[in-house]
Amino acid sequence: MSDFPFERLRRWPDVEAANLFAVDASDRLILDEAAAVLAAAGPAEVVVLEDHYGALTLATAAELGERLGAPAGIRVYQDALSGEHALARNATELAATVPGLADSYRQVALGAELFTGARVVLMQLPRSLAALDELAGAIVRFAAPDVTVVAGGRIKHMSVAMNEVLRRHFGEVAVSPARQKSRVLLATRPIGSMESGPPRSVVHEDLGLTVCAHGAAFAGTTIDIGTRYLLDFLDRMKPAATTAIDLGCGTGVLAAALAQRRPGLRVLATDQSQAAVASAAATMRANGVADRVRVLRDDALGSQPDASAELIVLNPPFHIGSSVHAGIALKLFEDSARVLRPGGELWTVWNTHLGYRSPLTRIVGQTHQVGRNTKFTVTVSTRR
């Protein structure tokens with residue numbers, strides 16, 4: 001696959017910057033380590049998990065398409081909606097010059113349809129051990145008995161615990177030599193048929209909330225300290241509002257708490273993560289507010305009309321993948337400004353050292369600090 005034009009891949013619609021890349025050494029190492037099993041794979045026998053921006057899927061599709069003389073039939077699961085969109089855009093951009101990419105893959109939800117009959121699984125390792133455990137368990141339940149999993153990542157983001165997670169599901173786990181600060185885990189011989197575990201749930205009696213979580217959901221069944229701090233301000237948020245949005249909802253803690261505390265409020269909970277959306281939906285059911293909270297998978301607020309929201313609550317991430325970068329927060333601020341009505345409020349909690357007050361004022365409108373503790377600041381920004 002050395003002739004595949006990796007340099008043409010882009011991250012868009014994810015944040016793009018000089019220090020952020022659409023392909024890295026781990027993509028190339030996964031493909032090289034998988035070469036032998038891919039050479040024996042037939043149509044619809046390859047699954048790709050957590051491809052960042054399309055390098056694994058499209059390079060494999062080109063290789064298989066040329067060998068098979070037909071579309072590869074690759075099934076793909078990406079938790080992040082921005083990853084799905086980037087893959088689709090890259091496939092379209094390259095299709096005219098790279099044979100085999102047309103109709104070469106399809107996105108499939110995590111479950112039996114994704115893995116049935118799969119003999120090769122290529123995976124960018126998730127950061128979360130719980131997410132890896134969920135993916136490995138699903139492979140074992142549904143894939144072919146002779147499936148080979150080629151899972152890789154950057155060494156600085158890998159741990160020995162990942163090997164142990166895979167060994168709970170596979171009889172053999174081999175570790176590749178390191179190359180360009182990347183490594184691959186090769187898993188074969190699935191062990192038995194595992195029962196589906198997720199989502200997990202925990203009752204937080206101090207808050208009167210039950211939190212449900214799939215493996216890849218941020219913070220799992222815990223409540224991160226930023227969200228917990230923002231919960232203290234729910235009653236002060238735009239008291240006359242009848243609708244609200246929990247942007248980047250994660251497991252849906254803020255949305256569920258708003259719906260519980262303010263019965264007249266209808267809430268939209270939105271996140272680009274498949275795991276988050278599934279978790280949030282389960283959280284709403286567990287707390288008896290599913291009739292008043294709609295959960296939606298969206299890239300920021302891309303599907304929401306301009307000037308349509310009275311209240312938005314936000315605990316923005318400050319990582320893009322493994323990189324600390326303000327770009328994702330700025331994107332969320334900009335979408336909030338577009339979707340808020342004049343006079344609408346954006347309530348944000350952020351790590352104080354990030355200094356978001358100035359960009360919030362510039363992008364959204366007048367911004368006041370309403371709370372601050374040893375780590376976090378809570379602000380309210382009023383749309384101009």
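Predicted model: local features only at pLDDT ≥ 70, side-chain atom pairs only at ≥ 80, totals over all residues.

**Strands, sheet and helices**

Q: Which way does strand 16 run against strand 18, parallel or antiparallel?
A: Antiparallel: strand 16 (residues 340-351) pairs with strand 18 over seven bridges. Leu-346 stands opposite Ser-381 of strand 18, and Val-349 is opposite Val-378 in that strand.

Q: And how many bridges join strand 17 to strand 18?
A: Five bridges join strand 17 (residues 367-372) to strand 18, and the two run antiparallel. Thr-367 is the residue opposite Ser-381 here.

Q: What holds paired strands together in general?
A: Backbone hydrogen bonds, with the strands either parallel or antiparallel.

Q: OK, zoom out. In what order do the strands of the open sheet come?
A: The order is 12-11-10-13-16-18-17, seven strands with mixed pairing. Strand 12 (293-297) and strand 17 stand at the edges; each has a single partner strand, so one side of each lacks a neighbour in the sheet. On average, neighbouring strands of this sheet are turned by 20° against each other, with direction ignored.

Q: Which strands does helix 9 touch when it packs on that sheet?
A: Helix 9 (residues 253-261) touches strand 10 (243-247), strand 11 (266-271), strand 12 and strand 13 (309-314). The direction of helix 9 makes about 175° with that of strand 11.

Q: What about helix 10, which strands does that one touch?
A: Helix 10 (residues 274-286) packs on the sheet and touches strand 11 and strand 12. Its direction makes about 170° with that of strand 12.

Q: Different topic: strand 2. Are its residues buried or exposed?
A: Buried, for residues 74-77. Ile-74 and Val-76 point one way from strand 2, while Arg-75 and Tyr-77 point the other way.

Q: How many bridges join strand 1 to strand 2?
A: Three, and strand 1 (residues 46-49) runs parallel to strand 2. Leu-49 stands opposite Tyr-77 of strand 2. Between the two strands the chain crosses through helix 3 (residues 55-68), and this β-α-β crossover is right-handed.

Q: In which sense does strand 2 pair with strand 3, parallel or antiparallel?
A: Parallel, with three bridges between strand 2 and strand 3 (residues 105-107). Tyr-105 in strand 3 is the bridge partner of Ile-74. Strand 2, helix 4 (residues 81-95) and strand 3 make a right-handed β-α-β unit.

Q: You mention helix 4. Where is Asn-90?
A: Asn-90 is in helix 4.

Q: Why does Asn-90 count as buried?
A: Because its relative accessibility is 1%, and buried means under 20%.

Q: Which residues is Asn-90 in contact with, apart from its neighbours within four places in sequence?
A: Arg-8, Leu-9, Arg-10, Tyr-53 and Leu-58.

Q: Now helix 1. Which residues of it are buried?
A: In helix 1 (residues 25-33), the buried residues are Ala-25, Ser-26, Asp-27, Leu-29, Ile-30 and Leu-31. They pack against helix 2 (35-39), helix 3, strand 4 (120-124), strand 5 (148-154) and strand 7 (182-190).

Q: What angle do helix 1 and helix 3 make?
A: They pack at about 35°, with their axes 10 Å apart. The crossing of these two helices is right-handed. Asp-27, Ile-30 and Leu-31 of helix 1 make the contact with Ala-55, Leu-56, Ala-59 and Thr-60 of helix 3.

Q: Last pair: how far apart are the axes of helix 6 and helix 7?
A: The axes of helix 6 (residues 129-142) and helix 7 (residues 160-167) are 9 Å apart, and the packing angle is about 25°.

Q: Why are helix 6 and helix 7 called roughly parallel?
A: Their angle is about 25°, and angles under 35 degrees count as roughly parallel, so helix 6 and helix 7 are roughly parallel to each other. Helix 6 passes helix 7 in a right-handed crossing.

Q: Which residues meet there?
A: Leu-129, Leu-132, Asp-133 and Ala-136 of helix 6 meet Ala-161, Met-162, Val-165 and Leu-166 of helix 7.

Conventions: Residues numbered from 1 in each chain as written. Heavy atoms only, no water. Buried < 20%, exposed > 50% of the residue type's maximum accessible area, 1.4 Å probe, protein only. Helix = DSSP H or I, 4+ residues; strand = E, 2+ residues; numbered from the N terminus. Pairing = 2+ DSSP bridges. Right-handed = clockwise from strand over helix to strand, strands pointing away. Contact = heavy atoms within 4.5 Å. Axes fitted to C-alpha atoms, helices over the stretch in contact; angles between N-to-C directions. Parallel < 35°, antiparallel > 145°, perpendicular 65-115°, else oblique. Left-handed = near helix turned anticlockwise from the far one by under 90°.
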